[in-house]
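Here's a walk through the structure below, starting with its aromatic rings and ending at a pocket. Keep the 3D view open as you read.

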Amino acid sequence: MPTFSSTDELYRVIGQFIEMAGQPQTMESLRQRWGSSPEFEESEEDLQLINKIGEDIRKGGLCTRFVFHDPEGEITVDARDPSAGKFYDVYYGPPPVTPDLTVETSGDTSHLFWLGKVNVVTAMARRQIKMQGPVTKGLKMLPVLSQAFKLYPKYLRYEGLHHFLNVK
């Protein structure tokens, strides 16, 4: 059974997680988002990490389109020329821009990736992840993205999505 029951659920979980670092965050903005969660812990370290990830993605200047299967969906992260006040823009569905890189994978593999449970090179060899475009540039972004592995489980707990933590 797939991790995500629908494209909307994929967008709500993966998409909103990706969006979180898309613009500078403050402790107040995190309190507004998660303050009602009994599990929310204010952490200056997490706040700094969210903003560092966003800034590092912006510095990478890459527009990456993620194409998902099972469920079907598309999320594009455009750091080439972000809107004012943002590190990058996020688009759902077919993007209004031409991406530099396209990454194709399943919702399950993406979820496991954000949990830090996927070796990208091995997944590419097994065709669980397919890349088209400047693959080297995409792989250079892995250290930036891997910083988020610490945040994703917290995000799931704060959002009340505990059932997504039960993976093997």
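There are 13 aromatic pairs in this predicted model. Take phenylalanine 4 and phenylalanine 164 to begin with: their ring centres sit 5.3 Å apart with 35° between the planes, which makes the pair tilted.

Now look at tryptophan 34 and tyrosine 155. Their planes meet at 75° and their centres are 6.3 Å apart, so this pair counts as edge-to-face. It's another link between distant parts of the chain, joining helix α2 to helix α8 across 121 residues. Tryptophan 34 has a relative accessible area of 4%, so it's buried, and tyrosine 155 is buried at 1%. Both belong to a cluster linked by ring pairs, whose other members include Phe17, Phe40 and Trp114.

Over in helix α3, have a look at aspartate 56. Is this residue buried or exposed? Its relative accessible area is 16%, and the cut-off for buried is under 20%, so aspartate 56 counts as buried. Beyond its close sequence neighbours, it's in contact with Met141, Val144 and Gln147.

Last stop: the largest pocket, with about 200 Å³ of space. Helices α1 and α2 and strand β3 each give two or more residues to its lining, and α2 has the largest share with three. The lining splits into four nonpolar, four polar and four charged residues; among them are Glu19, Arg33 and Tyr88.

Notes: Residues numbered from 1 in each chain as written. Predicted model: local features only at pLDDT ≥ 70, side-chain atom pairs only at ≥ 80, totals over all residues. Heavy atoms only, no water. Helix = DSSP H or I, 4+ residues; strand = E, 2+ residues; numbered from the N terminus. Buried < 20%, exposed > 50% of the residue type's maximum accessible area, 1.4 Å probe, protein only. Contact = heavy atoms within 4.5 Å. 1 Å grid on protein atoms, 1.4 Å probe; cavity = no way out; pocket = protein on both sides within 12 Å on 5 of 7 lines; lining within 4 Å. Points joined across faces, edges and corners; volume = space filled by probe spheres on them. Nonpolar A, V, L, I, M, F, W, Y, C, P; charged D, E, K, R; others polar. Phe/Tyr/Trp six-rings, centres within 6.5 Å; stacked < 30°, edge-to-face > 60°. Lists of a residue's contacts leave out its neighbours within four places in sequence.
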